[in-house]
Structures are given as C-alpha cells and as structure tokens.
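Here is a briefing on helix packing and ligand contacts. Please have the sequence and the 3D structure open.

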Amino acid sequence: AIRAVTDPSIYVRPKIFDEFTLADRVAIVSGGNRGLGLEMAMALCEAGARAVYCLDLPKQGCAEWQAAHDFVARMDRGSRLEYVSCDVTNQNRVWTAVEEIGNKEKRVDICVAAAGILMNHIDCLEYPEDEFRKVMDVNTNGVLFTAQAAGRQMRRFGIPGSIVLVASMSGTLTNRGHSWVSYNTSKSACLQMARSMACELGKEGIRVNSLSPGHIFTALTRQYLDKHPTLLDKWSNLNPMGRIGRPDELRGVITWLASDASTFCTGSDILVDGGHHAW
Ligand code: NDP
C-alpha cells in the first residue's frame, strides 16, 4: 500500500491541465437528451472524450440534442455524441444498452446518472402510492441501474472509472415551505447509494460520487417557474448569490469528477448550489 503513494514508477506527476483531459474515454450520460445531462455530456466531449452516449426516453427528434450533436461534430476533434433510446427504470434494458456500448467501444470510463423527474407538489400525508413509486423508480432505481450498467463494463474491461450520481441539494435540505417528499427522499437515497457503491468498488479503482446541484434553470425547473410567477424571486432570495444557476455552471465540476484530476475523490457528495445550503 505504501508503494502506491511513494513509488515514482507508479506515481508520475502529470502536468496539471493534462489531468483534466478525457482523451479516448467513453462516457454514458442518462437523461442526456436535454438540460443538465446534455450540458454535462457536451462538457465531456469538449474535454476530449471519444464518445459520449446519451441514454434517454425514446423521442421523435429533439432540437436541443441535435444542435449539441452538430456542435460536437463541428468541433472536429474526433468526439462523438450518440443517442440511445433507453428507459432507465428498466434494469435489463439499461444493462443491455450499456453492454452493447462496451462491446463496440471496448471500454466505458465515465457514467453520469442524470435522468430524473420532479412531480407536482402534493401534501405529504396525501401522497398517492403510484406517484411516489414513479419518482423513486426514475430518481433512485434508475440511478442504481445506470450506475450498475456502467460499473459492470468498467469491471469487465478493468477500468478505474468514475461514476457520478446526480442527486440534488434537496437530498440534504428541504425547500423551505415547498418540500417535495418524493423528490427529496429519492435524492437523499442517491447520496447513500454513492457512498455504499464507493466502498464496495474502491479496491477496483472505480470511484462513485454524488453531485448535488441547487436550483438551476432547465425545463425541469421552468415548469414550476412558469406556473408560479413569484417563485424565481423566492429561490433567488434564498441564495447568497441572489440568483439561480445556469446549466453550464456544472461543466467544470463534471469534467473534474470524470477525470484523473479527482482520483482520490470517492464516496463524496459535491454540492454546487451557489451557497444555498449556507444561507
Ligand atoms: P430535465 O427534465 O431538463 O432533464 C431530465 C432528462 O431525463 C430528460 O431528458 C428526461 O426525458 C430524462 N428522463 C426522465 N425520465 C427518464 C427515464 N425513465 N429514462 C431515461 N431518461 C429519462 O431535468 P434537469 O436537466 O433539470 O435535471 C437533470 C438531473 O438533475 C435530474 O436528476 C434532476 O433531479 C437533477 N437536478 C436538477 C436541478 C435543477 O434545478 N434543474 C437541481 C438539482 C438536481 P424527457 O425529456 O422525455 O422528460
């Protein structure tokens, strides 16, 4: 064990920017059709990933994803953004889809489990079973199935990969006066899932962390902001920075978590909320 940290033949100090490169790496991003998933998928491509597979529900074309795809193609750096129709709540489908990616690419290095849903707020004592199960199914079970699918390929090819479970600040905090019991519970489970998987997979060099964004402007949050005109001010006032975040403000942190710049970071929750938790 001491050799692993002292032997110069094992530890060669790279140039700092080289630690962030994702050259030749293969990634899967669930929920990569739009919003935070798509933004993070593009960041991985820009950091040099050879191929980034966006797993998302079947769609008849999606302008946002297509524009991102064309942007990556125009970069002309050998990166590919691919779309795979896949419902993350179907374990067999996710495992098979990611195994096919492994067969083709002969590696899977990075997994970002970002598919998630937020249902309308319902009184916690009246929460209907089917609604609760639906949220848990996508946000917790789907995250596990995606992480498993990627981890299985990392183990198969002996790759010390990085798995990032997209949770939320709602996994630790409630949203003053507007607490979603299903969403908060499902995201809280992701934090403990990351810790547990990190402990089991650490010896294989596979890292598992959770990433917890605060309020970020995407289609998911827009559905509530459009319905409640005062909500944007309320969320902004709950934040020391006086605003909510932009999707591109996760690009740096996902590149760091996916890359060799974070090789000793596992089992952690990385909170990116503009200081909301500190307020
Ligand atoms: P979006 O709704 O914009 O994107 C979520 C994506 O996940 C959509 O493309 C959606 O597909 C897809 N998806 C939903 N269900 C499934 C499924 N069963 N299988 C595969 N894909 C699915 O949300 P955001 O980009 O805002 O959020 C991304 C993640 O970040 C979520 O996990 C969310 O909980 C989390 N998060 C977001 C925050 C925010 O403020 N935006 C804050 C904290 C966490 P479709 O288009 O068909 O619905």
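A polar side-chain atom of Lys 59 sits 3.0 Å from an oxygen atom of the ligand; a polar contact is a pair of N or O atoms within 3.5 Å. The model is predicted: local features need pLDDT of at least 70, side-chain atom pairs count only at pLDDT 80 or more, and totals for chains, interfaces and linings use all residues. Residues are numbered from 1 along each chain as its sequence is written, and side-chain values use heavy atoms, with hydrogens and water left out.

**Ligand surroundings**

- The ligand is surrounded by 30 residues, each with a heavy atom within 4 Å of it.
- The closest are Arg 34, Asp 56, Tyr 183, Ile 216 and Thr 218.
- The side chain of Thr 218 places an N or O atom 2.5 Å from a ligand oxygen atom.
- Ala 114 uses its backbone: a polar atom there is 3.0 Å from an oxygen atom of the ligand.

**Helix α2 with α3**

- Helix α2 packs against helix α3 (residues 63–75) at about 5°, with the axes 11 Å apart.
- Axes are lines fitted to C-alpha atoms, for helices over the stretch in contact, and angles run from 0 to 180 degrees between N-to-C directions.
- Helices are DSSP runs (H or I, at least four residues), numbered from the N terminus.
- That angle makes α2 roughly parallel to α3, a label for angles under 35 degrees.
- From α2, the contact (heavy atoms within 4.5 Å) takes in Gly 35, Leu 38, Met 42, Cys 45 and Glu 46.
- From α3, Glu 64, Trp 65, Ala 68, Phe 71, Val 72 and Met 75 take part.
- By class, eight residues are nonpolar, one is polar and two are charged.

**Helix α2 with α9**

- The axes of α2 (residues 35–46) and α9 (residues 251–258) come within 9 Å and cross at roughly 60°.
- α2 is therefore oblique to α9.
- Glu 39, Met 40, Ala 43, Leu 44 and Glu 46 of α2 meet Arg 251, Ile 254, Thr 255 and Ala 258 of α9.
- Five of these contact residues are nonpolar, one is polar and three are charged.

**Helix α4 with α5**

- Helix α4 (residues 91–105) and helix α5 (residues 129–157) cross at roughly 35°, their axes coming within 9 Å.
- Residues of α4 in the contact include Trp 95 and Val 98; those of α5 include Phe 145 and Arg 152.
- The contact residues divide into seven nonpolar, six polar and three charged.

How values were computed: Helix = DSSP H or I, 4+ residues; strand = E, 2+ residues; numbered from the N terminus. Parallel < 35°, antiparallel > 145°, perpendicular 65-115°, else oblique. Nonpolar A, V, L, I, M, F, W, Y, C, P; charged D, E, K, R; others polar. Polar contact = N/O pair within 3.5 Å; in protein donor to acceptor, adjacent residues only side chain to side chain.
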